[in-house]
Structures are given as C-alpha cells and as structure tokens.
Amino acid sequence: AGGIAVYSRSGGIYYSTGDENNEVSVVGNTLDEYFNLALTYNGDRIKFYINGVSVYETSITINYSNISEFRIGNRFTNEGLNLAIDNLNGAIDNYNF
C-alpha cells in the first residue's frame, strides 16, 4: 500500500503520494525561515498555504483504501528498503489533522 508524505529537501517543501516518483515541489527555498504550513484536501483539490498565502493548488484523487501512512517530516524510499529519507531539519509545532 502507499502513503502520503509532506517533507523538506534542499530547502523546499514537497509532497508525494504512493512513491518517490510521484513527488511534487510545493514551494522553493525555505531555509532558515520560520513559517506556518497548512494544507487542505476537499476530495478533489489539494491546497498548500505558507503563512496563510496560497502557494500551490492542484486537482488530485487520493484513494484512501490504498493509503497505509500519512507522514510529516520525512518519507520512505520506494526501493523496498523501508528507510526514512528527506528528514525534516527543524521543528514541527501545533500539528492538527
């Protein structure tokens, strides 16, 4: 089964569904900045906000029956190794789901 991941790499914010080949860059350089990241999904569109400003939006279908994980701050490789990669180098505070 797959998963959904929101993570940081090279100063950018990414999300992926299913595997690492399904990666989408949401916003560029966020190094050394404190910011509020929010995302919404209404069954048709996923939206990302940085400090309340919309930075990315797209139509997406998520099949929840195939989702086994929701990860924030890292993701698993798709190489069968089950290794967490792209670990967040920072803090997560005030998480709500």
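The accessible surface of the protein chain comes to about 6500 Å², and carbon and sulfur atoms account for 45% of that. Keep in mind that this is a predicted model. The chain has 97 residues, 30% of them buried, and its secondary structure comes as 9 strands and 0 helices.

**The chain as a whole**

- Reading from the N terminus, the elements go β-β-β-β-β-β-β-β-β.
- Take the contacts between residues at least 6 apart in sequence: 34% of them join residues at least 24 apart.

**The nonpolar core**

- In soluble globular proteins, nonpolar side chains tend to be buried together.
- In this model, the largest nonpolar core has 12 residues, including I4, V6, I13, Y15 and V26. Also in that core are V27, I46, F48, I50, Y56, I60 and I62.
- Which elements give two or more residues to this core? They are β1 (2-9), β2 (12-17), β3 (23-27) and β5 (45-50).
- The largest share comes from β5, which supplies 3 residues.

- V6 is one of the core residues. Leaving aside neighbours within four places in sequence, V6 is in contact with I13, Y14, Y15, L37, L39, F48, R71, I72, G73 and N74.
- Y15, another core member, sits in strand β2.
- Is Y15 buried or exposed? Its relative accessible area is 4%, so Y15 counts as buried, the cut-off being under 20%.
- Again leaving aside neighbours within four places, the contacts of Y15 include A5, V6, Y7, N22, E23, V24 and V26. Further along the chain, I46, F48, Y56, T58 and I60 are also on the contact list of Y15.
- Y15 and V26 are 11 residues apart in sequence, and their C-alpha atoms are 7.2 Å apart in space.

- How many bridges join β4 to β5? There are 5, and the two strands run antiparallel.
- β5 and β6 also pair in the antiparallel sense, over 6 bridges.

- A38 lies in strand β4, where it stands opposite Y49 in β5.
- With 30% relative accessibility, A38 counts as partly exposed.
- Beyond its neighbours within four places in sequence, A38 is in contact with K47, F48 and Y49.
- A38 and V53 are 15 residues apart in sequence, with 9.5 Å between their C-alpha atoms.

**The β5-β6 hairpin and its turn**

- β5 and β6 form a hairpin, with 2 residues between the strands.
- N51 is in the loop between β5 and β6 (53-59).
- What stands out about the phi of N51? Phi is near 50°, a positive value in a residue other than glycine.
- N51 is partly exposed, at 49% relative accessibility. Residues count as exposed over 50%, so N51 stays in the partly exposed class.

**The salt bridge**

- The structure holds 1 salt bridge.
- Which residue does R45 pair with? The partner is E57, and the closest N and O atoms are 2.7 Å apart.
- This pair links distant parts of the chain: R45 belongs to strand β5 and E57 to strand β6, 12 residues apart.
- Both ends are partly exposed: R45 has a relative accessible area of 27%, and E57 has 37% relative accessibility.

Definitions and conventions
Residues are numbered from 1 along each chain as its sequence is written. This is a predicted model: local features need pLDDT of at least 70, side-chain atom pairs count only at pLDDT 80 or more; totals for chains, interfaces and linings use all residues. Side-chain values use heavy atoms; hydrogens and water are left out. A nonpolar core is a set of buried Ala, Val, Leu, Ile, Met, Phe, Trp, Tyr and Cys residues joined through side-chain atoms within 4.5 Å. Buried means under 20% relative accessible area, exposed over 50%, partly exposed in between (1.4 Å probe, protein chains only). Helices (H or I, at least four residues) and strands (E, at least two) are DSSP runs, numbered from the N terminus. Contact means heavy atoms within 4.5 Å. Two strands pair if DSSP finds at least two bridges between them. Accessible areas come from the Shrake-Rupley method with a 1.4 Å probe; for residues, only the protein chains shown count as cover. A salt bridge is a side-chain nitrogen of Lys or Arg within 4 Å of a carboxyl oxygen of Asp or Glu.
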